[in-house]
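Dear colleague,

Here is the structure you are taking over. My notes on it follow below.

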Amino acid sequence: MYQPPLRAASAVVSARYRLFVGLLAVLPGLAWPAAAQLRPLVLQNATVLTGDGKTIEGASIMINSGRITAVGPRVDAPFLARKVDARGKFVTPGLIDLHTTFGLVLDGGTGGGLATAAAADAFNRFAEDDIRAALRQGVTTVYVPARPPTGVGGVGAVVRLIPGGEPNDVVLKREAALHVTIDASNSQGPLQRVKALTELRKLMRGAKEYRENWEDYLEELKEYEEKLAKEAKDQPSEGDKTATNPAGDRKPGRASRVADGGKAAPPPGTPDEKKREDAKGEKKDDKKDEIKKPAQPPNDRNAATILRVFDGELVLRGEANTPSDIAAVLDLAIEYGAALILEGGAGAHLLADRIAAARVPVVLSAPPETVAYAAGPTEFRRADAAAVLARAGVDVYFGTGVVSAGETPRLALLAARAVGHGLDSDKALAAITSKAADLLGLEELGRIAPGKQADLVVWSDHPFAPGARVERVLVSGREVFVADGAEGE
Amino acid sequence: MRPRCLLAFALLAVAAGRAAAQTPAPPTVQIEAASYVDPNGAIVPFERLTIRGEIIAGIGAAADESARRDEYPGAVVSPGLIDCYTSLGVRDGLNERSDAVQPLLDAADAFDRYSNQITAALRAGVTTFALVPEPSNLVGGRVAVCQASGAARRPHVLREGPMLLSLSPEAFLVNREPTSRQGGVDLLRRTLAAAKAGTDPRLKQLLEGGAPAMLIAPAGADVFVGSEFASEFGFRFAAVHTRDAHVVGPQLGGKLAYAIVGPLELDSDVRSARAAGLFERHGTAVAIAGGMPAGPADSVRIGAAVAARHGLGVSAARRAMTRVPAEVLGVGDLTGQIKTGLLADLVVFSGDPLDLRSRVLAVYVGGRLVYKAGGPKAGRLP
């Protein structure tokens with residue numbers, strides 16, 4: 001057998017030397033863009049809007065391994081850190097759009113009652129131009145709904161805008177909320193709202209019954225198994241009682257299983273048939289002690305999803321765009337004890353006090369109002385809805401709503417417009433950053449603070465200011481967008 | 001006794017006569033604010049603006065004790081916003097399609113002065129707006145340029161506006177000529193030739209150098225055709241065009257004097273949003289269309305804000321809401337800028353009009369305060 005020769009001392013030295021030279025060769029590689037992403041990054045000298053109301057002038061932000069590790073006027077940059085001078089710029093957390101169809105492949109929406117349909121499956125992570133256009137507006141995270149035309153829809157997802165990202169990277173939360181729409185406006189008949197609500201209640205009740213059926217089944221199954229165990233223990237005494245049992249060494253339990261189980265009946269005339277007859281006889285005798293295996297109820301994932309709402313595991317998002325529909329959603333949520341987020345919200349300003357008392361957050365995602373008088377869907381839209389709701393004590397948030405393929409969610413301008421119609425500017429910024437993250441249950445997003453995820457946007461001016469442009473966007477510390485002069489920057 | 005009474009009477013009569021013979025002095029109003037938007041679209045600090053009657057009499061002049069003083073500390077005074085592409089207050093539409101060439105149609109005939117749509121626009125700062133017929137005819141008639149308020153606080157037609165031309169596919173119908181683009185371009189050429197030759201008097205005004213014509217040109221190709229006609233027959237035109245600005249802008253450049261871009265919404269696609277900046281960079285003056293009443297009352301400001309985030313400079317964006325639409329509509333000599341001698345059509349904003357965070361504090365049309373936010377009759381016209 002071949003034996004490798006023992007290494008001479010000189011050979012070991014030369015190996016170390018080679019290793020050293022190799023390392024020297026690799027070091028410059030750390031300057032390559034791909035590898036550069038792995039290096040710590042410092043954004044220096046910017047005006048930092050932390051997302052929860054604080055502004056820090058002349059601050060630097062230190063980013064390492066996808067997280068923010070330090071924020072402040074003086075930040076020690078480690079040796080290999082990349083430095084980006086952001087003097088005169090504003091840095092905010094990546095903006096969070098709380099209700100948008102941006103990126104969704106829409107094909108008529110999910111049908112009513114399909115609570116298991118997941119919006120995450122419809123998000124087109126390959127629409128890179130569209131994603132880049134959204135990043136250019138500072139949006140890094142979106143909540144995409146599974147909106148039904150009416151009734152119960154599917155589950156919405158939280159998605160990060162990473163061009164060419166892997167599914168696990170892109171989908172942050174696959175099942176974030178269950179959707180319900182109350183919308184009688186496209187109705188074909190006068191009782192449409194009544195019908196819609198009846199349907200919804202039927203589904204909710206159906207889910208409760210489904211749970212009761214399963215609980216009963218599980219109880220019965222437990223009893224059944226207990227009885228089996230008991231009979232197995234008592235088996236010897238019972239064997240003497242049964243005179244007609246030819247197979248004396250056979251356990252009566254097994255015999256009754258044969259009688260009641262799903263096995264095919266043996267052909268007549270065989271020895272088995274005799275056993276069966278005996279077993280039947282036995283059955284007649286032991287009718288009182290008969291142990292019947294309970295029938296398993298069918299699995300219903302729709303009902304199971306709805307039950308998760310009742311159990312507080314899944315949030316219920318109710319979309320309504322007239323005051324009466326909103327009232328109906330509120331009633332429904334109270335009736336079933338569901339944690340509710342109201343979406344759409346046109347007309348919510350007329351129910352502001354009630355919504356505030358119920359402590360229901362509102363995501364305003366209805367399109368802007370029109371000057372032309374119109375009945376139906378546009379009738380209750382108001383530009384100052386956010387301000388009115390906020391003044392009544394409601395937690396108000398923003399979503400860009402229906403955004404078709406090719407269109408761009410300009411969340412910052414939407415929030416700025418709400419400020420122009422009376423909403424406090426700090427509240428508006430928090431509603432698209434820190435508070436939005438909290439609403440989604442993702443506290444590591446939406447803030448610039450040590451420990452938070454490094455989703456950051458570098459702007460040429462305050463995000464609400466006229467002509468403000470996004471220069472750089474980071475998601476988890478990775479640069480996903482850099483302004484390329486395509487718009488005369 | 002009686003002669004003294006007679007004397008007193010006589011003196012009174014003379015005094016009354018004299019008073020009646022004198023015309024009352026026009027009221028002077030001074031608006032005090034922090035800054036104003038100058039004709040170049042820049043925000044310039046100043047102290048006050050003087051209005052005499054309907055006209056802007058002075059900018060930054062000294063305080064006049066006899067004048068009524070309207071104070072808006074910290075505010076920015078802008079020219080009234082102008083939406084150059086609307087059907088605001090129109091009854092039953094502007095879609096007369098019986099003949100492709102209808103130069104005598106007047107959009108003003110469909111105008112309902114009592115429409116409450118105009119109040120909504122006024123409160124958002126729009127003081128002048130244009131009623132534009134539908135693109136269904138090659139020659140669609142005259143655009144009507146309206147003031148949002150006037151005598152008896154009612155909107156009224158300020159002036160007859162540009163002639164509307166259209167190369168939109170909507171002008172090619174089945175039941176009357178032209179039925180195709182080929183036919184349409186040919187018919188338009190023949191019509192223009194007739195006007196130039198003087199054989200069709202209805203189109204005389206088009207070539208007389210008044211307001212530029214307004215050409216609805218959805219495709220880039222339509223703009224190029226329009227440009228050829230304009231050089232061949234000698235008229236200026238404003239192209240209503242957004243979609244192919246990345247081609248039209250560089251190729252035509254300054255040859256295209258005006259472009260009307262929009263309406264732009266908060267979620268408009270990037271290509272449309274970039275059109276204004278592209279045109280402006282290549283030497284074409286841009287006006288932002290609001291498209292009311294199909295959109296919100298602040299459509300013009302939203303459009304300008306969106307365009308400003310995609311390459312349109314901030315000063316150009318402010319001009320695109322005021323001065324350029326005035327020129328496009330042929331009323332640049334009357335309104336659209338804060339300049340002595342022009343109508344005092346003004347909006348007082350809490351900040352930069354281009355900033356969507358700014359609120360409308362007050363609106364003046366023809367020197368008269370017609371809206372004041374949060375005033376005693378809050379929201380209603382005084």
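Is B:Cys146 buried or exposed? B:Cys146 is buried, with a relative accessible area of 0%. Please keep in mind that this is a predicted model.

Cysteines

B:Cys84 likewise counts as buried, at 0% relative accessibility. The sulfur of B:Cys146 has its closest cysteine sulfur in B:Cys84, 13 Å away, which is too far for a bond. Seen from the other end, the closest cysteine sulfur to that of B:Cys84 is the one in B:Cys146, again at 13 Å and too far for a bond. A disulfide would need the two sulfur atoms to be within 2.5 Å. Over all chains, a search of the whole structure finds 0 disulfides.

The sheet in chain B

Chain B holds an open sheet of 6 strands with mixed pairing, in the order β3-β2-β7-β16-β17-β18. The edges are taken by β3 (43-45) and β18 (368-372) of chain B; each has a single partner strand, so one side of each is left without a neighbour in the sheet. On average, neighbouring strands of this sheet are turned by 25° against each other, direction ignored.

Where do its side chains go? B:Leu346 and B:Val348 point one way from β16, B:Val347 and B:Phe349 point the other way, and all are buried.

On one flank, strand β7 (residues 76-79) of chain B is joined to β16(B) by 4 bridges, and the two run antiparallel. B:Val76 has B:Phe349 in β16(B) as its bridge partner. β16(B) is also joined to β17(B) by 4 bridges, again antiparallel. There, B:Leu346 stands opposite B:Tyr364 in β17(B).

Moving on, strand β17 (residues 360-365) of chain B is joined to β18(B) by 4 bridges, and these strands run antiparallel. The bridge partner of B:Val363 in β18(B) is B:Tyr371.

The largest pocket

How much space lies in the largest pocket? The figure is about 980 Å³. The pocket is lined by 31 residues, and the closest to its centre are A:Glu369, A:Ala383, B:Ala120, B:Arg123 and B:Ala297. By residue type, the lining divides into 12 nonpolar, 9 polar and 10 charged.

Which elements supply the lining? At least two residues each come from α13 (411-420) of chain A and α2 (117-123) of chain B. The largest share, 4 residues, comes from α2(B).

B:Pro178 sits in the loop between β11 (156-166) and α3 (181-197) of chain B. The place of B:Pro263 is the loop between β14 (258-261) and α6 (270-281) of chain B.

Residues in chain A

A:Asn45 has a phi near 65°, a positive value in a residue other than glycine. A:Asn45 belongs to strand β1 (residues 41-49) of chain A and is partly exposed, with a relative accessible area of 27%.

A:Arg359 is not a glycine either, yet its phi is positive, at about 55°. A:Arg359 is in the loop between α11 (352-358) and β12 (362-364) of chain A. Is A:Arg359 buried or exposed? A:Arg359 is exposed, with a relative accessible area of 76%.

The last item is A:Ala207, in helix α5 (residues 192-233) of chain A. A:Ala207 is buried, at a relative accessible area of 1%. A:Arg308 lies 101 residues from A:Ala207 along the chain, and their C-alpha atoms are separated by 9.9 Å.

Regards

How values were computed. Residues are numbered from 1 along each chain as its sequence is written. Chains are lettered from A and ligands numbered from 1 in the order in which they are written. This is a predicted model: local features need pLDDT of at least 70, side-chain atom pairs count only at pLDDT 80 or more; totals for chains, interfaces and linings use all residues. Side-chain values use heavy atoms; hydrogens and water are left out. Buried means under 20% relative accessible area, exposed over 50%, partly exposed in between (1.4 Å probe, protein chains only). Two strands pair if DSSP finds at least two bridges between them. Axes are lines fitted to C-alpha atoms, for helices over the stretch in contact, and angles run from 0 to 180 degrees between N-to-C directions. On a 1 Å grid over the protein atoms alone, a cavity is a set of points where a 1.4 Å probe fits but cannot get out, and a pocket is an open set with protein on both sides within 12 Å along at least five of seven lines; lining residues have an atom within 4 Å of a point. Grid points are joined across faces, edges and corners, and a volume is the space filled by probe spheres set on the points. Ala, Val, Leu, Ile, Met, Phe, Trp, Tyr, Cys and Pro count as nonpolar, Asp, Glu, Lys and Arg as charged, and the others, Gly among them, as polar.
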